[in-house]
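This briefing sets out the charged contacts, the nonpolar cores and the pockets of the structure shown below, grouped by topic.

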Amino acid sequence: MRKGVCEMKKFFYSKKIAPYVFICPFVITVLLFWLVPICNGFLLSFQDILKEQWVGFDNYTRLLSDKIFMKALWNSFKYMAGTLLLLIPFPMLFATLLNSRLMKKADFFKSVYFIPALTSVVVAGTIFRLMFGESSTSLFNQVLGFFGAAPIKWLKGAGTSYFALLLLACWRWTGVNILYFLSGLQSIPSDLYEAAAIDGASKWQQFSKISVPLVKPTTVYVLTISIYAGLSMFLESNMLFKGNNSPNNIGLTIVGYLYRQGVEKRALGYACAVGLILLLVVMLVNIIQLKITGTFEEGRE
């Protein structure tokens, strides 16, 4: 008995075994909640669940001629592009200002910027839907009225609804990205800025020649998660348009289309095909951006 206990202690206290014990929970989680669902989804994508029959590649060939899916794909790419253009450069600039010695009450502004991220998407979407309402008393129509313009139907036009979605995204995630960039900027030694200042470098030169290159790992990380978040957006659109049926599908995203097919129409096989296409698109876009930013080459070094 004692010998068995000693052998168990030796096993668990072994330096060779310990790393595997520590990573076991992560590996089990990935297998149960990521790999197994993907494999099941892959098998379901070749079936018609309602008819309970194997249909081969029919679900995928149907996607190629599905105009609504193509529109959802375009909407998701357009939303992703807009968030990348707004939620990377501006948070980096704001983080630089917060990291500056000239900035007073920096901790207060960090807290204020982060508050929107703590707000529920349901609450935020409902508030923004009221702000972009059709009546003349809604906030943005009151702003138009102040300048003498007539009220407009914000959430029924492609351009104005896109503006509403981007504004909601910026309001929610600017503070989070600021904190990411701020952590990256604070890891840069202050000696570099002092040396550059002594050599006569302006603030802009310090930012472009020191801050931007050295904060590249943070930028790549924010870019990666922003691509995923942009292409997988659903709840913001669903709350803003009060459901998954926006006018002429102007707010429909890939995940929204997946939800429509899988939950609303119960076409689980077709929905799995949509989900796998989304997975491949996200992976492809991120691999391309990692290749462009040179992340793979840095990893080899």
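In this predicted model, lysine 156 has a relative accessible area of 49% and is therefore classed as partly exposed, since that class ends where exposed begins, at over 50%. Its partner in a salt bridge is glutamate 134, which counts as partly exposed as well, at 41% relative accessibility.

**Salt bridge**

- The side chains of lysine 156 and glutamate 134 come together at 3.2 Å, taken from N to O, and a search of the whole structure returns 1 salt bridge.
- Because lysine 156 sits in the loop between helix H8 (139-146) and helix H9 (158-186), while glutamate 134 sits in the loop between helix H7 (121-131) and H8, the pair ties together parts that are 22 residues apart in sequence.

**Nonpolar cores**

- The largest nonpolar core comprises 41 residues, and those with the most contacts inside it are Phe181, Ile227, Leu231 and Tyr257.
- Helix H15 (residues 268-292) contributes the most to this core, supplying 8 residues.
- Leaving aside residues up to four places away in sequence, tyrosine 257 is in contact with Asp66, Ile68, Phe69, Ala72, Leu252, Tyr270 and Val274.

**Largest pocket**

- The volume of the largest pocket is about 670 Å³, and of the 19 residues that line it, Asn99, Ser100, Tyr193, Lys203 and Gln206 lie nearest its centre.
- At least two lining residues of the largest pocket come from each of helix H5 (89-99), H9, helix H10 (190-198) and helix H11 (203-214), with H11 giving the most, 5 residues.
- By residue class, the lining of the largest pocket is made up of 9 nonpolar, 7 polar and 3 charged residues.

**Second largest pocket**

- The second largest pocket holds about 480 Å³ of space and is lined by 16 residues, of which Trp34, Ile38, Gly275, Leu278 and Leu279 lie nearest its centre.
- Helix H2 (18-44), helix H14 (254-264) and H15 each supply at least two residues of the lining of the second largest pocket, and H15 provides the largest share, 7 residues.
- The lining of the second largest pocket consists of 13 nonpolar and 3 polar residues, with no charged residues.

Definitions and conventions. Residues numbered from 1 in each chain as written. Predicted model: local features only at pLDDT ≥ 70, side-chain atom pairs only at ≥ 80, totals over all residues. Heavy atoms only, no water. Core = buried A, V, L, I, M, F, W, Y, C linked by side-chain atoms within 4.5 Å. Buried < 20%, exposed > 50% of the residue type's maximum accessible area, 1.4 Å probe, protein only. Helix = DSSP H or I, 4+ residues; strand = E, 2+ residues; numbered from the N terminus. Contact = heavy atoms within 4.5 Å. Salt bridge = Lys/Arg side-chain N within 4 Å of Asp/Glu carboxyl O. 1 Å grid on protein atoms, 1.4 Å probe; cavity = no way out; pocket = protein on both sides within 12 Å on 5 of 7 lines; lining within 4 Å. Points joined across faces, edges and corners; volume = space filled by probe spheres on them. Nonpolar A, V, L, I, M, F, W, Y, C, P; charged D, E, K, R; others polar.
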